[in-house]
2 protein chains.
Amino acid sequence: MEENTGFWQRAIVRNRHHHEDHGQLMSKMSKYDSLEYQDTFCAASVAQRHRRSKKDVILFDFSRWMLSFFIGVITALAAVFIDVNVVWMSTMKFNLTSGLIRSTEELGPFFQFLVPFIFFIVFNCGLVATATYFVARIEPCAAGSGIPEIKSYLNGVRIPMVVRLRTAMSKVVGVLFSVAGGLCVGKEGPMIHTGAIVGAGISQGKSIDMPLVHRIPMAFLKPFRNDHEKRDFVSCGAAAGVAAAFGSPTGGALFSLEEASSFFNQGLTWRIFFSSMISTFTLNIVLSGVRGYGWGNLSQPGLITFGMFNKATYTLYQLPLFLLLGAFGGVMGAGFNAANTRISRLRIKYLKGNYKMLEAILIAFITATCQFCLPFIMSGVLNQCVPHRPGVTDQAKQFYCPEGHYSDIATLFYNPQEDAIRSLFHSQYQLSMGGLFLFAVVYYCLAIVTYGVAVPSGLFVPCLLSGAAFGRIYGRLISLVFPGIDTGNFALIGAASMLGGVARMTISLTIILLEATNDIQYGMPIMLTIMTAKLVGDLFNKGLYDIHIHLKAVPFLEFEPPHCMDYLEAGDIMSRDPITIPPVVTVEQVTSLMKLYGHQAFPVVDPVTGKPLGLITVPILTGMLINSIFIKDESEADGSRSTFSTGSALPQHFDWYHFSDSVYPRFPSVDKILSTLTESDLEQRMDIQPFMDPSPHTVRTQTPVIRVFTLLRGLGLRHILVVSDDGTLVGIVSRKDLVEEVAESFLGATKGRDRAQTVADTIPLLP
Amino acid sequence: MEENTGFWQRAIVRNRHHHEDHGQLMSKMSKYDSLEYQDTFCAASVAQRHRRSKKDVILFDFSRWMLSFFIGVITALAAVFIDVNVVWMSTMKFNLTSGLIRSTEELGPFFQFLVPFIFFIVFNCGLVATATYFVARIEPCAAGSGIPEIKSYLNGVRIPMVVRLRTAMSKVVGVLFSVAGGLCVGKEGPMIHTGAIVGAGISQGKSIDMPLVHRIPMAFLKPFRNDHEKRDFVSCGAAAGVAAAFGSPTGGALFSLEEASSFFNQGLTWRIFFSSMISTFTLNIVLSGVRGYGWGNLSQPGLITFGMFNKATYTLYQLPLFLLLGAFGGVMGAGFNAANTRISRLRIKYLKGNYKMLEAILIAFITATCQFCLPFIMSGVLNQCVPHRPGVTDQAKQFYCPEGHYSDIATLFYNPQEDAIRSLFHSQYQLSMGGLFLFAVVYYCLAIVTYGVAVPSGLFVPCLLSGAAFGRIYGRLISLVFPGIDTGNFALIGAASMLGGVARMTISLTIILLEATNDIQYGMPIMLTIMTAKLVGDLFNKGLYDIHIHLKAVPFLEFEPPHCMDYLEAGDIMSRDPITIPPVVTVEQVTSLMKLYGHQAFPVVDPVTGKPLGLITVPILTGMLINSIFIKDESEADGSRSTFSTGSALPQHFDWYHFSDSVYPRFPSVDKILSTLTESDLEQRMDIQPFMDPSPHTVRTQTPVIRVFTLLRGLGLRHILVVSDDGTLVGIVSRKDLVEEVAESFLGATKGRDRAQTVADTIPLLP
């Protein structure tokens, strides 16, 4: 053993020779880890796999489907809970304000303005203060829409706290108060995040936040406790969230696919689709019941639906007009993203702790002031009121208007957002140009400022609202030239273009809007509009979700390898001289190694030949330590190969699921383990081979990076070993090495150099 | 060079030690080849890649989208062409028959039966004879729906003739006549195949069937002439076909995804979706115009639409009834598949040449007899006639009924299929139980016999029709217990259950039916019905398309690795002792090798160490031969490494696209090349290294087969090299080795044996 004790000492002096950017970026990314989408195939897990009977497999499959069913149901119930409470609180607020306006009429115009105004401000700021308390104090990860986080998680990045129960609680309660508090935020984005957490929680059946759950024996869930299954269930949950939010089961499934699946899997897609269908159906039943339409009525497929459109008035000839609107949405979206990026950068730099809460309350104050004063000026001061007409329901708000009239802008501001969207989409509500324009601009600006505040906040509804208002204005202008067109259709297209311009999602967004519209005829214009908006927007910047992912320095991998990789080979980008471990080690060696390099995997290398034997991850090493899987008989381990293949190194009925469950999702730190080990334990030896992955994916130094990227991205791997021509291990590639910015930083150093020269010069071969 | 002349002599004595089944299966599969989905990364192609300017990349992308646009448009136009002609011919036939019935009334009942009957028979048989001529004589690959072929192609199997122009012509013309000829076949399946061929044809811009096309200079298409791009365009085309057939753009996109994409790609999915949206939209415009609704009206999204449903009558409580119907559909579907499998086996065994045509005409005769005699007996003999009611259009056929009445069964048989489906789905058409039952049973039996006859024949419409009839009967029975329910809803669910039971498709089928229904509310019942039908059907046999794929011995790979692979390692299933080639060879050696082993790839192996250097395919070797890429200067090649990296072995401006275009999709046979080579050419030496793939995917002998499967299936590879622990090449794995039946044949030999023993015993290492 003497000749290879250096393996972990060398680790300490390990360094990489890149310029500064690279190091900075790497340290920013260091808090993220990759998910392991590939099934574990070590000797110990394969043994378990072979023990499975046919009954086990069927039961396993059945549980999987049952879990997917419950994910759909519970996500829908969470959506109903949010919706009912938001509607209740908003309605109460609007009614109380209206009541105060009526009852203070005798006190004269000044008090008729002041009393309701103060009440409105205090009510809104109070609600938002509650929302921001849940986010800033209880769980910061609940801020925002959660879509960037879910996108990253589904992309294969383990983001701390993102699928924790505590996050879900903060999200659900927080979004109630932030939406009811009148902020320009939607509840649809947070719904997707909530669904994702439901997916993770139900499938795992254990939660760090609720230790009580641990006591419930749920042995049948053990096989689901790994990254692969968990990520699949999170996909189901996110899809169920979309389905509940928009009544769009196909859109939900495609959202998960578009954001998630590198490797398309028929069975998983079907299960995702099942979850989202169950979700929209459950929501339909419960919401129809709760809203008083009758429990079997099935008329409320989503939290937000767009109502019936007057499709007779949309013809082929309007298509170019729609495309123009799409381009406008692209520009507006790019402006939105650019402005929000700057604000977010400032936020990250300057706002900490309680200032975050203060900011939220300040924005609530500004929003409430706008919401109150603008309708007041329009209806009370300028007397811009619309007389009631047949077909106008009690949604129309009188506000400061005389009896028998309503204020158009108050109707938009003083109704639940979903009703406001429908008012914009359907032309029976007469809205004045001035009112529309004010509403659109104010909402657009407020939405820019609001997204990123420390409250749960969706982006869909603000975009839909301001986009629809702009679209309706555009439609009105067009109708001056071509009378008889339906301005509601233009509002729909305007909403699509704004969303397309901000989010730059394509497939799923088209289908979500299509299903919320519930008429296939609108497919083509919606699709072309979103395409145009995305094309135009992409000239300026990226989509808002991608920008926020980037701001968080998440090692996100796109579908296609970036262009710069055309010029790179695996040898250029790999982490050189990786920390390796021999097949048999002492406990002391392992713990020292783990202390130095947490959250990693170590290639297992033959100490004599330098050739890789396999790969072992830190959680599994930890599992071996806490389950005391040491070599019993000294004679068994002669320093080279173990004798596991005949079964002597493991207990007779070694339970792999139990073993992996003990270290998933979290495992004790090395220090904690060290405190439980005695002096003699430290001298014990461990045989790593039964627990290592004996056939990690391996490439050669001259393999094009594009191929390495496709391999890692396509199969959802964490690590790829790089070997030289003679088969010795020279490096390791992981997700972070393949991020566009990182790869680009290598380009300057290698581009144009003679390839053969590069490899020979710079790769220090292992002895 | 002397020490490694044995490489190709050893090839001759190569053999594999498996039992008989394996050999038989392999020889059956030998006519199929894999598509290469991975981009070529040899030094020559990478050089071209590096030369691309940004403008090239944008132009390339733009052409890709334009091609996708035209694929959508042309597929839709083909669909309109088929539809218009079928409707025209069928209507003419029905009108002439009705006219004959009226005009022969004076001749007495015998002649009133005989004259129209003979006319009907002759007309139908004549049309079917034309259809079968196109298939049996011109292009046999145009038979059937083409969906098994397209499924296989998209799965990555190169099937001869499947995307040839001649096939498309035979398919389009044949389906006209087979549908108009009254056979129990639909035009929707062939539409999908046609779309796929349109996709292949437009993107390639060359056709073996139309040498004239070669003259048109289409240099911008050269980069698209490879398996990867072609398969992507075929996906677009197939999706466009579905979209045109059912007015289901999302369903089309998901059909392509479900059947095709191993590796999910956002950009490709968006493009597929674009093609199908364009297709359904074009069809909508043109069909609305042609059918006289007005060119901008947009009311005809697909060849077949289901009309508006009476959704007020479908409630939650009917769900269990729907599931029961789903189970019934599963059983009926399994029966359909079992019966059709037997008939197909007999067909393969006994029917050759002209007998195929005879069979088609015989079935046309039987079908026509049923179609004429059944309504005759019901209306003319048993006098089962229904009086006209308001809401009944001129679709209702009088047939042998008295004035003011119509025959329900004739209404089903004597209208275009799409109208018959709508009659079944909507309850304003009164249909008698007897008529429905006869129609359902006869149609079901005829469809079983007809699928597989030598005519283009879709399966969707027969399944929809008989399923809807069964569903309507079921609905009628239910309405005896619960009066007031809508039997049309049950017809829809019945249709879904029959299709689910026969085709066993899941995601795409649900969405296709959902979009054809155009109401999201039906999503849940349709989905659960299809799930139930599939679950029940799977207890008995596989889906019909899979059965036909199996009958053709196509090496089809499912999404999930089969269970038997749990026990296998790469060393067990690999083809041992593969034919290798050294990096520098003489022309004579290459041609001898190619003569012995066509349609293959050869690992390039270092003659000294036995380690793999790369992989080269036969088309590329052929390209080198026909472009005379030989070593010019003897001193350059000293037997080991070439000096290509400095650019001396290739012409200065070597054009990779031009090179690969010269051998794609077809390349000259070795004999043809040999005839052009002189004696001195044969002595020339070739440096293979710039043209080989220098970093083929490689696994070790002990890699679990599941992982090999995921790698090959997930990334769309053709070959994976297998190396031993010391890095020497010991085998090669290709698609055929991973087919379930093949893998199973290895299981007996290896299961239970000591793993280490197996590997050491049986793998003959290369010297």
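Predicted model: local features only at pLDDT ≥ 70, side-chain atom pairs only at ≥ 80, totals over all residues.
**Entry 1: the interface.** I then looked up the residues in contact: 76 of chain A meet 76 of chain B.

**Entry 2: polar links.** Next I checked the polar side of the interface. Between chain A and chain B I noted 17 residue pairs in polar contact, both partners at pLDDT 80 or more. The rule also finds two salt bridges across this interface. One of them joins Asp693(B) to Arg707(A), with the closest N and O atoms 2.7 Å apart.

**Entry 3: what chain A brings.** I asked myself which elements of chain A supply at least two residues each to the side that touches chain B. Among them are helix 3 (43–51), helix 10 (249–259), helix 11 (266–290), strand 8 (612–617) and helix 28 (705–715). Helix 11 of chain A gives the most, with ten residues.

**Entry 4: a sheet in chain A.** I turned to an open sheet of four strands in chain A, with the order 5-12-11-10 and mixed pairing. Strand 5 (575–576) and strand 10 of chain A each have a single partner strand, so one side of each is left without a neighbour in the sheet. I followed strand 5 of chain A to its partner: two bridges join it to strand 12 (residues 729–734) of chain A, and the two run antiparallel. Here Arg576(A) has Gly731(A) in strand 12 as its bridge partner.

Note on methods. Residues numbered from 1 in each chain as written. Chains lettered and ligands numbered in written order. Heavy atoms only, no water. Contact = heavy atoms within 4.5 Å. Salt bridge = Lys/Arg side-chain N within 4 Å of Asp/Glu carboxyl O. Polar contact = N/O pair within 3.5 Å; in protein donor to acceptor, adjacent residues only side chain to side chain. Pairing = 2+ DSSP bridges.
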